[in-house]
Amino acid sequence: MVQPAIVVRGLALAILSTGAMGFSPPFVAAPRGTGLFFSSLSVQQDTSVDVAENAARNTFAFDLWANNNGIQRVDGFKLVDEGGERDLDRQVYATTTTDVPSGSPVLFVPEALILSSNKAIAELRGPEMEEVELYLANAEAETQYRQYYLMLKILLEVQKGRESQWYQWLDSLPRFFTNACSMTDFCLLCLPPLMKKLAEEERESQERLGTESIAMVPFLGDDIKNNPRLVKWAYQIAYTRAVETDDGDLQIVPMGDYFDHGSESVEIQPSYDDAGNYYAYTTYDVSAGQPLRISYADPRNPSHLFARYGFLDEESPATYCKLLPPTVNQDMLDLGYSHDRMLFYKSGEVADEVWDIFLYTHLSATNLDDQQALMTAHRTGDYESKLALHEAYYVDTSAALLDHVDGFLEDIDKLIEKADTIGVTDPNSVYIRFEHPRLPLIHRHNLFVRETFQNVRNRYSPDESWREATRLTVQECDDTECAVAECVQTFDGNWMCEGGLGPNPDGSERMKTQTVIASQ
């Protein structure tokens, strides 16, 4: 079925009575033709979307498509294309080149251009899909129906080639990903336990919606069904670019899907009118040159953001404490055991929920009466009794906390060393660039998490002399590369380092940052 063409008339930015800049929704006419408004402007001659990791992204054609299909943007809205030497290094995101006051609309997208799980289910679900859905149910993928039908919609549009109303948008999308689904088995070996667990769960999710079920879909051709790379790419697009609305619909908003993630602050708040048209408003006064960002997920869980979306949120104020008990019972859930509450903060502080779980675990092996007293105090809001229990057992729980931290630091140092041995910080390493291009990001993630755990260790260590290190392992980085240096403190208090980046080729001092990753 060919999608209706969207014919836009009278596109203009309207000045609202308040004096703020607003958008006037375009008139959507009856279908005509294929909906391809500027086929004469096409650069490529082929009709399919090339999803090879090194395939070029045609953002120029997408920008023209947006203008011709009713997407309206405030003056200064721009897609920044930070290209690397290869297309897989490119980062494309929305920004503004002008100051935009708080509460201003910056983007309008007509409802007809929005891909949605609700619309995909309404269009594609029928009696002929019962066998596919039974397969998904047997694979315990019933909770993924929304994502699955959104995937099918993407694959159906790819199958149409240039006849698809969304062809230029599809051809602008990334092909190279750094999230869990894209990682190799070697990548998994370089991940700490929780991140590895999240990565394995993401990969299993993709496999459940993979080629076996796609092969059963009646309206897809063999060229789609027999292309596992394309199927995986469609999964990546559905999972990394869709946002969930208040009514549970999963929507991909062309152009709106180029808003990056913000942690400490977000510049954009999405909104919809009664007709389902999409608007994006600024949340504060945004200065020229700033990125335009939304929130993808809880910023206090950078490992989830990495596993799902494939980026490291270094602005994240905290990270999960990586505690993985063999079993988690209802008491522990009531105390707050979850990945978004069991947090270690960059400052070295530890969330109350972490202390509660360590105390509960200690009491389960030493004093069941006090364990019950802890739960009673927690459930009744008796803060004083709960605090008294924490004070009584602090020596034990703090020791358990430090044992956990030290064990994690020891394990992650081995992972950091493993990556170092194969040249992960060498920007010219052919092996890294072409065999394991995701490994440098994994390495940065490990260093980021390690720093947070080290801060916790420093804050709660009972041995003050431990902080007065005489030997340090330091990560040195400049704008292009990183290297590890071993530094020793001399008797006169100065530091001598071996390795690292060293001076510039001309002998001058190199501008660099230094991060302590281990101390003795």
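Reader: Which residues of helix 3 are buried?

Author: In this predicted model, Val132, Glu133 and Leu136 are the buried residues of helix 3, which spans residues 130–138.

Reader: How do you know that the buried residues of helix 3 line one face of the helix?

Author: The directions from the helix axis to the C-beta atoms are compared. Viewed down the axis of helix 3, the buried residues lie within an arc of 95 degrees, and therefore they line one face. On the other side of helix 3, Glu130, Glu131, Leu134 and Asn138 are exposed.

Reader: What do the buried residues of helix 3 pack against, and what is found just after this helix?

Author: The buried residues pack against helix 4, helix 7 (193–208) and helix 8 (211–214). Just after helix 3, glutamate 140 adopts a positive phi of about 60 degrees.

Reader: What makes the pair of cysteine 477 and cysteine 482 a disulfide?

Author: The criterion is a pair of cysteine sulfur atoms within 2.5 Å. The S to S distance between cysteine 477 and cysteine 482 is 2.0 Å, so the pair qualifies as a disulfide. The structure holds 1 disulfide. With 115 degrees about the S-S bond, this link is right-handed.

Reader: Why is cysteine 477 called buried, and why is cysteine 482 called partly exposed?

Author: Buried requires under 20% relative accessible area, and exposed requires over 50%. Cysteine 477 has 16% relative accessibility and therefore counts as buried. Cysteine 482 has a relative accessible area of 22%, which falls in between, so cysteine 482 is partly exposed.

Reader: Why is cysteine 190 called buried, and how do you know that cysteine 190 is in no disulfide?

Author: The relative accessibility of cysteine 190 is 1%, under the 20% limit, so cysteine 190 is buried. The nearest cysteine sulfur, that of cysteine 187, is 6.8 Å away, and this is not within 2.5 Å; therefore cysteine 190 is in no disulfide.

Reader: What makes cysteine 181 buried?

Author: Cysteine 181 has a relative accessible area of 4%, which is under 20%, and so cysteine 181 is buried.

Reader: How many residues are in the largest nonpolar core, and which have the most contacts inside it?

Author: The largest nonpolar core has 67 residues, and Leu107, Trp169, Trp233 and Phe259 have the most contacts inside it. Helix 4 (residues 145–160) supplies the largest share of this core, 10 residues. A second, separate core has 54 residues, including Ala351, Trp355, Met375 and Phe448.

Reader: Which residues does phenylalanine 259 touch, not counting residues up to four places away in sequence?

Author: With that exclusion, phenylalanine 259 touches Phe77, Ala94, Leu107, Ile268, Tyr278, Ala280, Leu292, Ile294 and Tyr296.

Definitions and conventions. Residues numbered from 1 in each chain as written. Predicted model: local features only at pLDDT ≥ 70, side-chain atom pairs only at ≥ 80, totals over all residues. Heavy atoms only, no water. Core = buried A, V, L, I, M, F, W, Y, C linked by side-chain atoms within 4.5 Å. Buried < 20%, exposed > 50% of the residue type's maximum accessible area, 1.4 Å probe, protein only. Helix = DSSP H or I, 4+ residues; strand = E, 2+ residues; numbered from the N terminus. Contact = heavy atoms within 4.5 Å.
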